[in-house]
Amino acid sequence: MTVVIGFEGSANKIGVGIVRDGEVLSNPRRTYITPPGQGFLPSETARHHRSVILTVLKEALEEAGLKPADVDCVAYTKGPGMGAPLVTVALVARTVAQLWGKPLLGVNHCIGHIEMGRLITQANNPTVLYVSGGNTQVIAYSERRYRIFGETIDIAVGNCLDRFARVIKISNDPSPGYNIEQMAKKGTQYVELPYTVKGMDVSFSGILSYIEVRCQNKSNKLPQCIETLFSMLVEITERAMAHCSSQEVLIVGGVGCNLRLQEMMGVMCKERGAKLFATDESFCIDNGAMIAQAGWEMFRSGQTTELSDSWITQRYRTDEVEVTWRD
């Protein structure tokens with residue numbers, strides 16, 4: 001059996017997870033939460049990660065009931081993400097790998113989400129909608145690559161929601177997106193917004209400016225803004241499905257645990273006779289186990305990262321990675 005430990009810290013979540021042959025043995029994490037109206041800066045986020053990462057590592061080992069000698073490989077998030085937090089996690093992972101005498105593996109953050117989603121849901125070959133605070137992409141697997149069929153041309157959907165939530169001082173605890181979702185359940189007024197789909201790509205920055213001007217101090221209208229944003233995502237996902245003749249959709253990333261997005265995507269899938277796969281916040285939101293799972297797949301296919309190559313890449317594209325573990 002192969003045991004891989006994964007370190008994730010590309011944004012405001014720091015997590016350490018351990019996976020053994022498709023079984024998640026432990027997955028503790030911490031979240032850096034700022035006051036309402038404030039985002040998280042890279043330097044402050046990295047400071048938070050440094051203060052708790054060894055505690056989280058200890059929790060992961062204890063929860064899994066393992067010792068360092070039981071681990072076969074150390075995986076870490078190489079990118080994409082925020083520079084200072086990525087460096088913090090990479091340094092710890094490099095140190096642990098050397099102290100324990102284990103191989104090291106740099107993992108693409110997005111592929112971590114995809115492989116964790118495939119593991120938990122047992123989706124076979126889905127069209128993937130990857131939506132988070134820093135990324136928005138529609139992806140499908142073909143010829144040893146995760147191909148990007150469409151993406152945001154400016155800001156991510158999670159960033160759009162988070163930034164406007166800050167304008168109207170919505171709490172960041174546990175996350176702006178979660179609090180927006182709860183408000184949406186009580187919403188009564190739909191706000192019509194610009195609908196910006198350009199081929200297979202989407203744009204959110206103009207919508208953000210529009211709602212900032214017209215909805216400021218009107219938090220009762222904020223939740224209905226997600227209807228337009230999510231409709232755009234459903235449209236480009238359906239178009240990718242048609243192109244690939246796909247009958248499965250997998251939603252991954254932090255925004256992917258939004259039940260309204262899952263509901264809207266589910267309607268589209270039902271109309272096409274397709275199946276929707278999604279996970280809850282324990283695996284949708286950034287976590288160490290997803291890096292461990294992707295690392296497990298990579299390690300089993302013969303991949304490792306030399307210490308001299310174990311840098312971080314803030315703009316690490318999903319389709320840069322050769323997928324050696326799938327047919």
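Two strands count as paired if DSSP finds at least two bridges between them, and the strands themselves are DSSP runs (E, at least two residues), while helices are runs of H or I with at least four, both numbered from the N terminus.

I noted at the start that this is a predicted model, in which local features need pLDDT of at least 70 and side-chain atom pairs count only at pLDDT 80 or more, whereas totals for chains, interfaces and linings use all residues. Residues are numbered from 1 along each chain as its sequence is written, and side-chain values use heavy atoms, with hydrogens and water left out.

**Entry: strand β8 and its partners**

I looked up the pairing of β8 and found that six bridges join β8 to strand β9 (residues 145–151), the two running antiparallel. Within this pair, Ser-142 has Arg-145 of β9 as its bridge partner. The hairpin of β8 and β9 has two residues between the strands, and Glu-143 there takes a positive phi near 50°.

On the other pairing, I saw that strand β7 (residues 127–131) is joined to β8 by four bridges, again antiparallel, with Tyr-130 opposite Gln-137 of β8. β7 and β8 also form a hairpin, with four residues between them.

I then asked why β8 can be called largely enclosed by the rest of the structure. Six of the seven residues of β8 (residues 136–142) are buried, so the strand is largely enclosed; buried means under 20% relative accessible area, exposed means over 50%, and partly exposed lies in between, with a 1.4 Å probe and protein chains only.

**Entry: Glu-115**

Leaving aside neighbours within four places in sequence, Glu-115 is in contact (heavy atoms within 4.5 Å) with residues including Tyr-146, Gln-293 and Arg-326.

**Entry: Tyr-178**

I located Tyr-178 in helix α5 (residues 176–184), where Tyr-178 is partly exposed, with a relative accessible area of 41%. Tyr-178 and Asn-108 are 70 residues apart in sequence, and I noted 25 Å between them in space, C-alpha to C-alpha.
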